[in-house]
Amino acid sequence: MRTDVITVQTGTRPTVRDITAEAQQFVSGAGDGLLHVFVPHATAGLAIIETGSGSDDDLLTAIDALLPTDNRWRHRHGSPGHGRDHVLPAFVPPYATLPVLDGRLALGTWQSICLVDTNGDNPIRQVRFSFLPG
């Protein structure tokens, strides 16, 4: 298995960051197999969604509706409402596994691999790519 870690700047506001290009670069020329993407953080996740048409903002709006940043959370360190960031990975998992065919990600036409980070307290994230050849 081949593996690598990239660093992603997510900033101080909730964000959906497309990392498809970085993932494709990692598997380029690798043949057939599986790409596993993992975010080793307790407050971030990965989503396979369309980007650039408003879906990324829609996802953040849906997260806000489902997991509001208010005082309902028992986990209270960090920014107000930060407890919701620790619940996020139960809804947006911190991993995804994708097929790779002839060194190309086998994504659908409008699909992108996105890092979802609602935790503005940690503006720098790491993402691990692991390739398992077929």
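What you see is a predicted model. Its open sheet consists of 5 strands, in the order E1-E8-E3-E5-E6, with antiparallel pairing. At the edges are E1 and strand E6 (104-105), each of which pairs on one side only.

Let me go through the pairings. E1 and E8 run antiparallel and are joined by 8 bridges; in this pair, Val 5 stands opposite Arg 128 of E8. Helix H1 packs on the sheet, where it touches E1, E3, E5, E6 and E8. The direction of H1 makes about 35° with that of E8.

E3 pairs with E8 over 6 bridges in the antiparallel sense, and Gly 33 is found opposite Pro 133 in E8. E3 also pairs with E5, again antiparallel and over 6 bridges; here His 36 faces Thr 97 in E5.

Which residues have the most contacts inside the largest nonpolar core? They are Ile 19, Leu 35, Val 37, Leu 115, Val 127 and Phe 129, in a core of 20 residues. Among the elements that each supply at least two residues of this core are strand E1 (2-9), helix H1 (20-27), strand E3 (33-38) and strand E8 (124-133). Another core, of 12 residues, lies apart from it and includes Val 16, Ala 47, Ile 63 and Leu 88.

Finally, consider Phe 129. Leaving aside residues up to four places away in sequence, Phe 129 touches, among others, Ile 6, Ile 19, Ala 23, Phe 26, Leu 35 and Val 37. Thank you for your attention.

Notes. Residues numbered from 1 in each chain as written. Predicted model: local features only at pLDDT ≥ 70, side-chain atom pairs only at ≥ 80, totals over all residues. Heavy atoms only, no water. Core = buried A, V, L, I, M, F, W, Y, C linked by side-chain atoms within 4.5 Å. Buried < 20%, exposed > 50% of the residue type's maximum accessible area, 1.4 Å probe, protein only. Helix = DSSP H or I, 4+ residues; strand = E, 2+ residues; numbered from the N terminus. Contact = heavy atoms within 4.5 Å. Pairing = 2+ DSSP bridges. Axes fitted to C-alpha atoms, helices over the stretch in contact; angles between N-to-C directions.
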